[in-house]
Amino acid sequence: MGSLAVDLFGKTLKNPVMNASGTLGYGVEIEPLWPVETMGAYVTKGLSAAPHHGNPTPRVWEERSGMINSIGLQNVGVDRFFSHYFPFFVERRCPVIVNFFGFSEEEYLSCAKSIEPHDLIVALEMNLSCPNIKKGGISFGKEASAVHAIVRAVRGVTKLPLIAKLTPEVKNLVEIARAAYEGGADGLTLINTVPAAAVDVKNRKVPLKGGLSGPLLKPVALRAVHECSQAVPIPVIGVGGIMNTGDALEFLMAGARAVQVGTATFVDPFAMPKIIAGLDCWLDASGCADISAIVGATHG
Ligand code: SIN
């Protein structure tokens, strides 16, 4: 039997599959269907220093090629997550990546500072890329100098490994990736959703503007992973339209150390366990002893 285990920031994850932030609630919701520790790590919904209500409805829109969301970063706040939900992951020994954001540099710093290191916390994932809020988030993620400055500032207040989650909505993503690395990021998550709109012909309205996710995004994300993983010497986590085992393999071969699954879970709540089982079968069938051996295998 081959090994699905991957090393990420000094920790060993049992497999390279995790949820994309915000697509698996607070983890407890999936438990009636499959054990959360089936995944290599659970990624939290984006947390902020204070709780946040998010945007009015409608917030999601199904598209032929995926979905558009504009949740507006609704979350219970970082303190509530740790007092109320984190014990669930401790009980199950499930590694956690804490996604967080701020509406200002001060809010990023205060949120990062408040998160104590714990043996189950793999890393903090800084959201520099939400398309659904007017200030903060994406405004930090679009300029290399702003990315460098915010990552450096957060780097200064936490000892936890720091991942920058980036938007593809920039002129030169490789330049932004380098800025994150030079600012002190230990890893990158590529990519967040791309700005999109839905049109309701019957009512002659634009019911939703938000971030597009799903299969349409996959080639865009693969290019980002492929180029950025060659440009910076830190692990890249690939996300964007991964619907099945074949898609996950493409991301790993393009250079991703791990992958995140988002929209697929809305189509099939068992998508993640199926992808993990599929990777296991692929290892056996291909005679590959270790999934890490295929990371960046297309680079040669
Ligand atoms: C949201 O909460 O609006 C989505 C978060 C994101 O896309 O970063």
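Helices and strands here are DSSP runs, numbered from the N terminus.

**Figure 1. The whole chain of this predicted model.** Let's start with the overall picture: the protein chain folds into 9 helices and 14 strands. Its radius of gyration is 18 Å, close to the 19 Å that the globule rule gives for 300 residues, so the chain is as compact as a globular protein of that length. The C-alpha trace spans about 50 × 50 × 40 Å along its principal axes. Among contacts between residues at least 6 apart in sequence, 71% join residues at least 24 apart.

**Figure 2. Surface and charge of the protein chain.** You can count 26 positive and 27 negative side chains, with the centres of the two sets 7 Å apart.

**Figure 3. Val 151 in the largest nonpolar core.** Of the 300 residues, 55% count as buried. The largest nonpolar core has 96 residues, and those with the most contacts inside it are Leu 128, Val 151, Leu 188 and Leu 190. Zooming in on Val 151, you will find that its contacts beyond four places in sequence include Met 126, Leu 128, Leu 162 and Ala 164. Ala 180, Gly 183, Gly 184 and Ala 185 also touch Val 151.

**Figure 4. Asn 192, a buried loop residue.** Asn 192 sits in the loop between strand 10 (187-190) and strand 11 (194-200). Its relative accessible area is 10%, and buried means under 20%, so Asn 192 counts as buried. Among the residues it touches are Asn 127, Ser 129, Cys 130 and Lys 165. The C-alpha atoms of Asn 192 and Val 239 are separated by 7.4 Å, although these residues are 47 residues apart along the chain.

Technical notes:
Residues numbered from 1 in each chain as written. Predicted model: local features only at pLDDT ≥ 70, side-chain atom pairs only at ≥ 80, totals over all residues. Heavy atoms only, no water. Helix = DSSP H or I, 4+ residues; strand = E, 2+ residues; numbered from the N terminus. Rg over C-alpha atoms; globule rule 2.2 N^0.38 Å. Buried < 20%, exposed > 50% of the residue type's maximum accessible area, 1.4 Å probe, protein only. Contact = heavy atoms within 4.5 Å. Areas by Shrake-Rupley, 256 points an atom, 1.4 Å probe, with all protein chains shown as cover. Lys, Arg positive; Asp, Glu negative; His and termini not counted. Charge placed at Lys NZ, Arg CZ, Asp CG, Glu CD. Core = buried A, V, L, I, M, F, W, Y, C linked by side-chain atoms within 4.5 Å.
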